[in-house]
Amino acid sequence: MTVQYFTPDGMLRPTPYHHVAVGTGTRHVHVSGQIARRADGTPVAPGDLAGQVAQALRNTSVGLTGAGASFADVLRLTFYVTKWSPEKIGDFMEGVQAVADEIGLGLPLPPASLIGVEYLFEPDVLVEVEATALLD
C-alpha cells in the first residue's frame with residue numbers, strides 16, 4: 001500500500017500533521033478508540049496527559065500490527081481529549097513525540113483531528129485514539 005502525505009500550498013502551516021493523505025489499496029483497517037490501559041486493563045499514567053497519549057498510541061500500534069499494518073499505512077488519526085484547552089497542546093505533543101520513534105509514527109503526523117470532549121467512558125481516561133489505515 002502506498003500512502004502519500006502532503007500539505008498543498010495555501011493550507012495552514014506549520015501544523016504538527018499533514019493536511020492530506022492519498023492512499024492506494026483495497027483493504028481498510030479501522031482501529032477502535034484506544035486508551036491508556038495495558039492488555040489486562042491496568043491504567044497507565046493516571047492524571048498524566050502525555051503519558052496517556054503515549055500509551056494510547058502504543059495500543060493503536062498493537063492493533064495496526066495485528067492487522068498487518070503500521071503507522072506508515074495510516075490515512076487518518078482521531079484524538080479525543082477530555083476537558084481540552086489550548087494550553088494542553090504541549091503535554092499532548094510531548095506524548096506523541098515520546099513514542100513516535102518507538103512505534104514508527106512519522107512526524108508530522110498523518111492527517112489528524114483533535115476533538116475536545118467533556119468526558120470519556122471512565123473518569124480517569126484523558127485521551128482516546130482511533131486510526132484508519134489502507135492496505136493492498
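**View 1. Phe92 is a buried residue in a predicted model**. The relative accessible area of Phe92 is 3%, which counts as buried (buried means under 20% relative accessible area, exposed over 50%, and partly exposed in between, with a 1.4 Å probe and protein chains only). Because this is a predicted model, local features need pLDDT of at least 70 and side-chain atom pairs count only at pLDDT 80 or more, while totals for chains, interfaces and linings use all residues. Residues are numbered from 1 along each chain as its sequence is written, and side-chain values use heavy atoms, leaving out hydrogens and water.

**View 2. Phe79, Trp84 and Phe92 form one aromatic cluster**. Two aromatic pairs are counted here (rings of Phe, Tyr and Trp, the last by its six-membered ring, pair if their centres lie within 6.5 Å; planes under 30 degrees apart count as stacked, over 60 as edge-to-face and the rest as tilted). Phe79 and Phe92 make an edge-to-face pair, with ring centres 4.9 Å apart and planes at 85 degrees. This pair links distant parts of the chain, 13 residues apart: Phe79 sits in strand S4 (residues 74–82) and Phe92 in helix H2 (helices, H or I of at least four residues, and strands, E of at least two, are DSSP runs numbered from the N terminus). Phe79 is buried, at 1% relative accessible area. For Trp84 and Phe92, the centres are 6.3 Å apart and the planes again lie at 85 degrees, so this pair is edge-to-face too. Trp84 itself is partly exposed, at 26%.

**View 3. Arg37, Glu122 and Asp124 are linked in a network of salt bridges**. A salt bridge is a side-chain nitrogen of Lys or Arg within 4 Å of a carboxyl oxygen of Asp or Glu, and the structure holds five of them. Arg37 meets Glu122 at 2.5 Å, N to O. Arg37 lies in the loop between strand S3 (27–34) and helix H1 (49–66), and Glu122 in the loop between strand S5 (112–117) and strand S6 (127–135), so the pair ties together parts 85 residues apart in sequence. Arg37 also meets Asp124, at 3.1 Å. Arg37 is buried, at 13%, whereas Glu122 is partly exposed, at 33%, and Asp124 is partly exposed, at 25%.

**View 4. Glu102 and Arg58 form a salt bridge**. Their closest N and O atoms are 2.8 Å apart. Glu102 belongs to helix H2 (residues 89–103) and Arg58 to helix H1, so the pair ties together parts 44 residues apart in sequence. Arg58 is partly exposed, with a relative accessible area of 28%.
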